[in-house]
Amino acid sequence: MHLPTPCSSCLDWARLLQSILHLGPSVLHLSERVTVYIRTKTTLLTSIVTGLIRVMYPFNIGPATFLAGALTLTQVVTATPFPQPQQKQIGTADSAASPHAVSNQERRDAVKQAFQISWDGYYKYAFPHDSLLPVSNSYDDDRNGWGASAIDAFSTALVMRDWSVVSQILSYVPKIDFTTTSSEISLFETTIRYLGGLISAYDLLTSKPLASDPAFNYTSSQTDAILSQAVRLADQLSVAFNTPLGIPDNQLIFDPLTGPRRTGSQTNGIATIGTLVLEWTRLSDLTGNPKYAQLAQRAESFLLNPQPANVAEPFPGLLGSNVDIATGLFVDSSGGWGGGTDSFYEYLIKMYLYDPDRFGLYRDRWVLAADSSIQYVASHPSTRPDLTFLGGWKGTTLRFSSGHLDCFDGGNFILGGLTLSSQKYLDFGLELVKSCAETYSSTATGIGPELFSWQDSRTPLNASNNPGPSTAEQKAFYAKNGFWITNGQYVLRPEVIESMYYAWRATKDEKYREWAWAAFQAINATTRAGSGYSAVENVNKAGGGSKTNFQESFWFAEVLKYCWLIFQDDDDPWQVKSDKTNQFVYNTECHPIRLAKGKETEPSSSSYQQGGGKEKRDRRFAGPRHA
């Protein structure tokens with residue numbers, strides 16, 4: 001069909017429409033690009049478009065002419081990204097760099113400034129305690145009083161080459177007394193923060209380019225002290241494994257009179273069992289003492305062969321949450337990719353990357369879990385079927401809720417896709433990244449909430465496991481955004497930016513940098529408080545609501561490190577690689593751990609294992625229950 005041509009001056013009117021639409025976000029609270037705006041605000045835009053088309057085609061206003069005008073306006077209006085408020089740029093389909101975007105150097109400077117503010121406040125008011133209370137300029141020993149923020153900041157200061165802070169931490173490390181504390185100890189938290197932080201610092205300082213950096217002088221005795229303290233800590237923690245089967249008790253007490261002891265827990269979770277193996281194996285590889293790896297890998301074996309199968313593994317590769325320490329048997333069939341289970345799945349593929357010759361079975365178990373997640377658990381909200389989230393399960397009944405912690409999953413699938421050369425996992429991971437990014441762009445602050453829910457598009461809306469939002473405010477929010485908030489806190493978590501980092505490293509698509517920059521700006525503006533940065537109560541209130549007066553140690557280790565790395569142009573060896581040249585793998589606290597062979601390798605033919613038992617498990621599995 002031949003379409004008429006508009007008059008020569010009428011493109012100016014089209015650009016006027018673009019200017020009118022530019023006012024949309026502030027006037028009408030728009031969160032989508034023009035195309036979505038047209039879909040949702042039909043009456044207003046129909047009037048504007050019709051009026052402008054009558055000016056463009058004053059002598060002919062038939063159907064063909066109207067279509068031509070609409071196409072012309074659409075072409076002009078959508079030719080460049082919609083200039084929305086910063087937080088609204090995250091997750092939109094065509095987000096790209098603004099023509100006035102700051103340089104990556106300026107972004108790194110902003111991130112480093114946030115790090116310095118956080119460190120200076122901590123060092124002045126809290127060091128050598130664990131965490132800064134930035135509003136009251138005080139401290140909290142929430143991680144046993146050993147200086148958790150200092151150790152979590154160690155590897156970040158190193159990758160930033162912030163030698164002043166590195167020197168302060170280096171001087172402090174030998175002074176830590178890991179034999180005593182006044183509070184109960186978490187084996188899991190102590191492993192990922194302290195043990196992981198020390199091992200990472202040792203790996204970084206003894207590897208190029210930092211090992212030969214002329215800008216910083218340190219001695220071998222200082223690096224030896226780091227490793228010695230890691231060994232001392234692991235020796236203290238080893239009492240956790242003194243159980244009949246070697247399944248650790250996660251809660252410990254270090255008594256200076258009687259020595260370390262277990263608290264006598266009856267069960268332990270799969271994350272707190274399954275997120276030890278990287279750090280403890282690396283410690284054995286560095287020291288030549290096999291006992292650390294043996295302890296963690298023996299405990300992990302009960303998760304790699306979960307029993308009893310009908311309770312432990314409701315979906316192939318996807319497990320329940322808790323194991324009886326005395327029997328090694330699973331006690332429930334409830335799980336997900338969130339808190340309490342998340343990093344078990346995370347470490348399966350990371351152990352294979354660490355050493356494919358020793359950890360082929362870990363790869364097989366990750367593949368089972370990943371495939372089941374895609375086939376059975378992936379969910380699309382009824383109001384936004386373009387989004388993809390991983391919910392949870394109780395047996396084979398699905399539940400449709402998730403949270404900030406779960407949003408590491410996109411990055412983990414991307415890493416699995418890169419490691420296994422699988423486009424399927426990479427593409428699915430990018431879907432998850434985009435969807436979690438939308439949880440940021442949808443709120444008043446531009447930061448995602450702690451917990452959220454949705455209704456699954458495949459499950460009857462009246463099903464008992466698929467309830468809708470309970471308040472009018474939640475209903476309106478869900479209709480627009482595809483989820484509703486069930487806990488609006490933000491506690492300085494990293495997972496959404498973490499997954500954006502993996503997406504950037506895998507694709508080099510600049511939109512992921514733009515999303516991360518928008519996220520950092522929102523976090524920087526909302527959580528800045530007193531002498532540092534604080535968790536906030538409600539991300540969907542202006543300013544985040546009230547400040548909770550707490551700066552988590554993982555703010556140093558994770559949020560600030562991922563933000564630094566995604567804007568770093570130099571391809572340092574600790575960066576995630578998309579071409580199978582990785583030299584490091586990140587623990588769940590974002591501490592880079594050097595690979596066993598110093599570089600990424602393919603498994604030898606003798607070590608290659610297939611996913612044993614997969615067909616048998618698939619035959620006994622009938623699929624998820626949606627109702």
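Of the 627 residues of the protein chain, 58% count as buried. The model is a predicted one. The chain holds 23 helices and 19 strands.

**Annotated active-site residues**

- An unreviewed UniProt entry places the feature "active site" at E189, D342, E450 and E495.
- Of these residues, E189, D342 and E495 are included in the lining of the largest pocket.
- E189 is located in helix α9, which spans residues 187-205.
- The relative accessible area of E189 is 17%, and the limit for a buried residue is under 20%, so E189 counts as buried.
- Leaving out residues up to four places away in sequence, E189 touches R143 and Y194.
- E495 belongs to helix α20, made up of residues 495-507.
- With a relative accessible area of 7%, E495 is buried as well.

**The annotated binding-site residue T588**

- The UniProt annotation "binding site", also from an unreviewed entry, covers T588.
- T588 sits in the loop that runs between β18 (584-586) and β19 (592-594).
- Although T588 is in a loop, its relative accessibility is 16% and it counts as buried.
- Residues up to four places away in sequence aside, T588 touches I192, T275, S343, E346, Y347 and E558.
- Among these, E346 makes a side-chain to side-chain polar contact with T588, at 2.8 Å.

- S553 is found in the loop between β17 (532-533) and α22 (554-566).
- The relative accessible area of S553 is 0%, which makes S553 a buried residue.
- The residues that S553 touches, not counting those up to four places away in sequence, are S131, A148, S149, D152, R193 and E589.
- With R193 there is a polar contact between the two side chains, at 2.7 Å.
- T327 is in the loop between β7 (322-324) and β8 (334-335).
- Buried, partly exposed or exposed: which word applies to T327? At a relative accessible area of 43%, T327 falls between the limits of 20% and 50%, so T327 is partly exposed.
- The side chain of T327 reaches the backbone nitrogen of L329 at 3.2 Å.
- T327 and P244 are 83 residues apart along the chain, and their C-alpha atoms are separated by 8.2 Å.

**Aromatic side chains**

- A pair of aromatic rings is described by the distance between the centres and the angle between the planes.
- The count of aromatic pairs in the model is 41.
- F359 and Y362 form an edge-to-face pair, with 4.9 Å from centre to centre and 85° between the planes.
- F359 and Y362 are both buried.
- The ring centres of F389 and W454 are 5.0 Å apart and the planes lie at 40°; an angle under 30 degrees would be stacked and one over 60 edge-to-face, so this pair is tilted.
- The F389 and W454 pair links distant parts of the chain, 65 residues apart.
- F389 is in strand β10 (residues 389-390), and W454 is in the loop between β14 (451-453) and α19 (472-481).
- F389 has a relative accessibility of 1% and counts as buried.
- W454 is likewise buried, with a relative accessible area of 1%.
- One aromatic cluster is formed by W337, F344, Y345, W366, F408, F413, Y425 and F428.
- R528 lies over the face of Y533, at 5.7 Å from the ring centre.

Methods
Residues are numbered from 1 along each chain as its sequence is written. This is a predicted model: local features need pLDDT of at least 70, side-chain atom pairs count only at pLDDT 80 or more; totals for chains, interfaces and linings use all residues. Side-chain values use heavy atoms; hydrogens and water are left out. Rings of Phe, Tyr and Trp (its six-membered ring) pair if their centres lie within 6.5 Å; planes under 30 degrees apart count as stacked, over 60 as edge-to-face and the rest as tilted. Buried means under 20% relative accessible area, exposed over 50%, partly exposed in between (1.4 Å probe, protein chains only). Helices (H or I, at least four residues) and strands (E, at least two) are DSSP runs, numbered from the N terminus. A charge sits over a ring if NZ of Lys or CZ of Arg is within 6 Å of the ring centre and within 35 degrees of the ring normal. UniProt positions are given in the numbering used here, feature names are shortened, and annotations may be inferred rather than shown by experiment. Contact means heavy atoms within 4.5 Å. A polar contact is a pair of N or O atoms within 3.5 Å; within protein, one must be able to donate a hydrogen and the other to accept it, and residues adjacent in sequence count only if both atoms are side-chain atoms. On a 1 Å grid over the protein atoms alone, a cavity is a set of points where a 1.4 Å probe fits but cannot get out, and a pocket is an open set with protein on both sides within 12 Å along at least five of seven lines; lining residues have an atom within 4 Å of a point.
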